[in-house]
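Please look over the sequence and the structure shown here before reading the report.

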Amino acid sequence: MSETPRLSLDGAIGAILERGGGRVAIAAPLGLGKPNRLLNALYARFKAEPARQLSLYTALSLDLPEAGSELERRFLGPFLARQFGPDYPRLAYVADMKANRVPANVRIQEFYFQSGAMMHAAQAQRDYASINYTSVARELAEHAGLHAIVQLVAARGSGADVRYSLSCNPDVTIDVLAAIAARGDARPLMIGVVHPELPFLGGAAEVGPTFFDGIVDDGTPAQPLFALPRNAVDPAEYAIGLYASTLVRDGGTLQIGIGALSDAIVHALLLRHQRNADYRAAIDALRGGNADGDALVARWGGLAPFERGLYGASEMIMDGFMHLREAGILVRRVYDDIDVEHALAEGRAVDPAKLRGGHYLKGAFYLGSKDFYAWLRNLDGDDYAGLEMSPVSDVNQLYGGRERLDALQRRDARFFNTCMIVTLLGAAASDALEDGRVVSGVGGQYNFVAMAHAIAGGRSVLLFRATRKNGRALESNIRWSYGHTTIPRHLRDIYVTEYGIADLRGRSDEACVRAMLAIADARFVDELAAAAIRNGKLPRDFRVPDAWRANTPEGLADRLRATKAAGLLPLFPFGSDFDATEQRLLPALMWLKSRVGDARRWPSLIGALVAPGGRAEDAELLARLGLATPASIGERVLARLVRGAIERSRTP
C-alpha cells in the first residue's frame, strides 16, 4: 500500500488548481475543521488572479469577537491573545465578507453563519443557502461540481500503518462523498491538513491512508484550535434550564446545542442528580405561575436522580456531554442489534454477552472549550469506544434503512434547541428575521423537531427568553404573528421561557394561545391577549389571570432568591476562561454598556463620572484596562467612568 503524498501548502494549492483549472469549486467543513492557513493561502491566490474563479462551500466560519468600543478593546485584547494565541490565523475571507469586499471572482456560500456575524454583510446575505443540515451533501453533489474538499484531520501511526481521523467533522464529508459516488461523478480531491492537537476519534470518523489524495503535514505551525470561552449564565437562563430539566426522562435520550441555555440545562441536570433536595426546592419555587406544571413533568419527565441514565444523540457534541458523562448521567448505552434494543426498551433480560460495547454518545461534529478538547484527547478504554462520531445523515434523521433501530435507540428523546421569536399559535423563528436577514441558519433544528414527532415518547423543546432589547426598546419574543418561520405551527410542541413551560402538541389554537400567554412577560400579556381576541382566537370575555402578572424580572428574582443565596446559580457554572481580575471587572463593564445606549440612564453615567475616587483594591482592575495612570483626557474620563461603575456594580 503506497503512502498518501505529503504536500506543502503551496503543493496543496497547486494540486487543487490542477484539478479545477480556471473555475475551482471546493468545500470545507463547518466550525472547527477548517484548515485556516490553507484556506487563507488559497483565497489570497484567487484575489491575486482575478481571471480565475473560486466557489467555496462551507458553514459556521468561526471568527474572533471584535470590540465595539475603546473599553471593550482594552478588555478583549489581552484576553483574546491568551485564549487563542497572539498569532491565531483568522479567516481572511470572513473579514472580507463582513466588510463587503469579497472580490467578484470569489463566491462564498454558507448554509450556517456564526450567530449575528453577517447581519450587515450584503453579499454574504445574498449568497446564503437555506438548507437543512442533512440536505447539504445532496445539494453539493448535485450542483457544486466539487473539485476538492479540505479539512483538518488527526493522525495516528506512520507509514503504511497510518490512520487518520476526520475527528471534529465527519458530518458532511462522508455523506457528500457517498452522494457523489452514487451519481457516478468524479470523486473530489481530498486534502487533509494534520493537526497534532486535534483529538483522534473513531467510529465513522476513522479512515485509512487511501481516503486522502494528499496530506499537508510539513511542519508548518498548527493553527490553535478554536476554543469557545465558557459561558456566563444569568438568572433568566437558569430558570429556563431548570424548567427544561424537568422534562428529561430517566433512561431517555438527549440532544442539546451550545450556549448559555444549554449550559443552564446541563447544570440543572447535575443538580437534579447530585443535590436532589436542593433541586426540588428550586423547582418548587419556580412553579408558581406554570399552568401545566406537575402533570406535564409526571407524564414526560421527572425530578428524581438518574438511575438508568441518558444516551446522547446530538449533531453537535460539546462541553455539556463531558460534564454529564463525568457525573455518571450519560451512561445508557445503545446497541446495533434491534432485538437487544427491543428487549431493553421493554425491560426484558438480555444476555450479558450481547451487552458488550455499545455507545453512550453519537455526534456528527464537535466544538467547545479547551478543557473539552483535552477531555476528548484523553479518552481511553470504554469511554473512548463508547463515543461514536458519525455522518450527519446518521444523527439528524431516521432515514437510510435504520429507522426502527434508531427510533428504539432514541426512545424518550428530548430535543432541546433555541429560537428567537414564537407566535401565540406556536410557530417559531430561529434563524432569520422577518426582513429576510439571516442571523445563523436552520442547521438541524427542523430535522430534530420533525424527529420528535416521529419517535415514540419524543418531544421537541424550544427554549427562548420572554423578552429582548432592541436598541433602547424592550420587546416581547412572543408575538401574535411574525413574518418569518423556521418551525411551522403544525409542528408545535413544547416551549420554555423563564416563566414556565407551554405544552402545545395536539392542542387547539385557543389552548395554545392560553399556554403561550402563561409564559409571556407580564408587561406584554395584555396587548398579546388583545391581539388574540381581535383575531378570534380567544373569547371576548377573556381576562388575564392574576398569576400571569407575576411573570416579571422582579418576580423571577424573588422565586430564585433562595436558590441563588444557596450558591446554586453561579455566574460561571463550569468555570471561566476569564482570570480573577477580569471576572471582577465584568459586572462594571456590563453596567456601563447597559447605560451608554440608553439616554434615560445617562444620569447614572454622569454620577459615575463625578463620583469620588474608588477603593485601593480597584487599582488592579484599572491596571488591567491600561488605565492605572491615564495619559490623556480621554483616558482620565474612561478611568473615572470605570471607577464609578465598579462601585455601583459591587455585589452587596
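The report below goes through the basis of the model, its sheets, its helix pairs and some single residues.

## Basis of the description

This is a predicted model, in which local features need pLDDT of at least 70 and side-chain atom pairs count only at pLDDT 80 or more, whereas totals for chains, interfaces and linings use all residues. Residues are numbered from 1 along each chain as its sequence is written, and side-chain values use heavy atoms, with hydrogens and water left out.

Helices (H or I, at least four residues) and strands (E, at least two) are DSSP runs, numbered from the N terminus. Two strands are said to pair if DSSP finds at least two bridges between them, and contact means heavy atoms within 4.5 Å.

## The eight-stranded sheet

An open sheet with mixed pairing is formed by 8 strands, in the order β13-β12-β11-β10-β14-β17-β21-β22. Its edge strands are β13 (387–389) and β22 (500–503), each of which pairs on one side only. Neighbouring strands of this sheet are turned on average by 20° against each other, direction ignored. Within the sheet, β17 (residues 459–463) and β21 (residues 494–497) pair in the parallel sense over 3 bridges, and Val461 stands opposite Ile494 in β21.

Several helices lie against these strands. Helix α8 (residues 235–245) lies across β14 (413–418), β17, β21 and β22, and runs at about 145° to β21; helix α14 (residues 370–378) lies across β11 (311–317), β12 (361–366) and β13, at about 125° to β12. Such angles run from 0 to 180 degrees between N-to-C directions, and the axes are lines fitted to C-alpha atoms, for helices over the stretch in contact. In helix α17 (residues 445–454), the residues Gln445, Asn447, Phe448, Val449, Met451 and Ala452 are buried, where buried means under 20% relative accessible area, exposed over 50% and partly exposed in between (1.4 Å probe, protein chains only). These buried residues of α17 pack against β10 (253–255), β11, β14 and β17.

## The three-stranded sheet

A further open sheet, also of mixed pairing, is formed by 3 strands in the order β16-β15-β20. Because β16 (428–429) and β20 (478–479) stand at the edges with a single partner strand each, one side of each is left without a neighbour in the sheet. Strand β15 (residues 421–423) runs parallel to β20 and is joined to it by 2 bridges, and the bridge partner of Val422 in β20 is Ile478.

## Two helix pairs

Two packed helices are described by the angle between their axes and the distance between the axes. The axes of α1 (residues 9–20) and α2 (residues 36–48) come within 10 Å and cross at roughly 55°, which makes α1 oblique to α2. For these terms, angles under 35 degrees count as roughly parallel, over 145 as roughly antiparallel, 65 to 115 as roughly perpendicular and the rest as oblique. At this pair, Leu9, Ala12, Ile13 and Leu17 in α1 meet Arg37, Leu38, Ala41, Leu42, Arg45 and Phe46 in α2.

The axes of α3 and helix α24 (residues 633–648) come within 11 Å and cross at roughly 75°, which makes α3 roughly perpendicular to α24. Here Glu70, Leu71 and Arg74 in α3 meet Glu635, Leu638 and Val642 in α24.

Asp63 lies in the loop between β3 (53–58) and α3 (70–84), and it counts as buried because its relative accessibility is 4%. The side chain of Asp63 makes a polar contact (a pair of N or O atoms within 3.5 Å; within protein, one must be able to donate a hydrogen and the other to accept it, and residues adjacent in sequence count only if both atoms are side-chain atoms) with the side chain of Lys98, at 2.8 Å. Apart from neighbours within four places in sequence, Asp63 is in contact with Arg90, Val94, Lys98, Gln114 and Phe226.

Leu60 has its place in the loop between β3 and α3; although it is not a glycine, Leu60 has a positive phi of about 45°, and at 13% relative accessibility it counts as buried.

Asp412, in the loop between α16 (403–409) and β14, has a positive phi of about 50° although it is not a glycine, and Asp412 is buried, with a relative accessible area of 16%.

Met516 has its place in helix α18 (residues 509–517) and is buried, with a relative accessible area of 0%. Leaving aside neighbours within four places in sequence, the contacts of Met516 include Val422 and Ile478.
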